Amino acid sequence: IFGPKDSAFAAIQEVVDGLTPEELSAVLLNHVIVDVAVDASTVVASKCIDAITAGGMEVAIRYNETTNVVDINGIIVDDFDIAGDYGVMHGMDGVLVDPAAYVPCPIPSVVEQVAMTGNYSTLLGFLENPLLQGNLDSIGPITIFGPDNAAFAAIADTVATLDQATLITTLGGHVVSGVYTSEMVKEKGCVMLDTIVGTKIRAMYMSHDDHDDHDEHSDMDGHNHRRLASHMAMDDHDDHEEEKEGIMINDAMVILADIADETSIFHGLDKVLVGGTFECPTMAPVAAPTAAPAVATQSGASFFGISAVLAAMVAVSAFVF
């Protein structure tokens, strides 16, 4: 509950006096958020939380690190975590009566969202190199297929032996121009995508009924693999115990899908794409990628944005070596 103080109601007494009981009830419900824990520590940790009140009003609860102030739709909140049988209440200096006062929280960048998972620190570590601060926004919307920490760890020795050109090509082979969502791949079944370094990768949706229909592939060692379980590593297609539906990028499984910001999208992989020949069982025309997902306008841009990811792909060798 965000509870207006007596002084807040007094400031709009004439408005309150003119409300019917039903209208007053609707106003009060706009100060209640149900099924969501919104205590002070959550607000501080999140910086900004979008919510819809019991009365249907959209609200944004913000914490300003510079001023150390919390507000809800611009109204200052200064009494926190008053606990009771009702849950928790915060005192505020005004009354929520103007829906137009709502300004959505900024959407975190792809990198910020991926960082929250805690599973891609190796990839994100590339972005901490000062050499990667170049601005590549002119490239436009992109799709990144990012290996997780375990994927990089599995080929750490191999990466250490790669020359700069091969390393750049390998990393650039995980980036595709345009925005491709998991739903697009499911609808198409299988698509061949051109990476920014001129290679091709296969994005294929595998369902429970596809086990006998889709082609197998050969990797650089000549072994056959069909990896369909999201959290199961398999060295040979005869070793798996259970096959599950999901999306595969070449021989890597998508384990995190559709992490998007204003311009681009990220899909997490359980394997680094290092080669092999992969084709769709039936080549289907690839439709032009959709525009980036529509999101609220952000104020300001994070240095660790999507352009930094591209810069990482280009200059990461300086960090690795």
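The following exercises, with worked solutions, concern a predicted model.

**Exercise 1.** Determine the strand order of the open sheet, and state which strands stand at the edges.

*Solution.* The sheet is open and has six strands with mixed pairing, in the order S1-S6-S5-S4-S3-S2. Strand S1 (2-4) and strand S2 (48-52) stand at the edges; each has a single partner strand, so one side of each is left without a neighbour in the sheet. Direction ignored, neighbouring strands of this sheet are turned by 35° against each other on average.

**Exercise 2.** Describe how S2 pairs with strand S3 (residues 58-64), and identify the residue opposite aspartate 50.

*Solution.* Strands of a sheet pair through backbone hydrogen bonds, either parallel or antiparallel. Between S2 and S3 the sense is antiparallel, over five bridges. The residue opposite aspartate 50 is alanine 60, in S3.

**Exercise 3.** Locate cysteine 105 and classify it as buried or exposed.

*Solution.* Cysteine 105 belongs to the loop between strand S6 (87-92) and helix H5 (110-117). Its relative accessible area is 5%. Buried means under 20%, so cysteine 105 is buried. Alanine 60 is 45 residues away from cysteine 105 in sequence, yet their C-alpha atoms are 6.3 Å apart in space.

Conventions: Residues are numbered from 1 along each chain as its sequence is written. This is a predicted model: local features need pLDDT of at least 70, side-chain atom pairs count only at pLDDT 80 or more; totals for chains, interfaces and linings use all residues. Side-chain values use heavy atoms; hydrogens and water are left out. Helices (H or I, at least four residues) and strands (E, at least two) are DSSP runs, numbered from the N terminus. Buried means under 20% relative accessible area, exposed over 50%, partly exposed in between (1.4 Å probe, protein chains only). Two strands pair if DSSP finds at least two bridges between them. Axes are lines fitted to C-alpha atoms, for helices over the stretch in contact, and angles run from 0 to 180 degrees between N-to-C directions.
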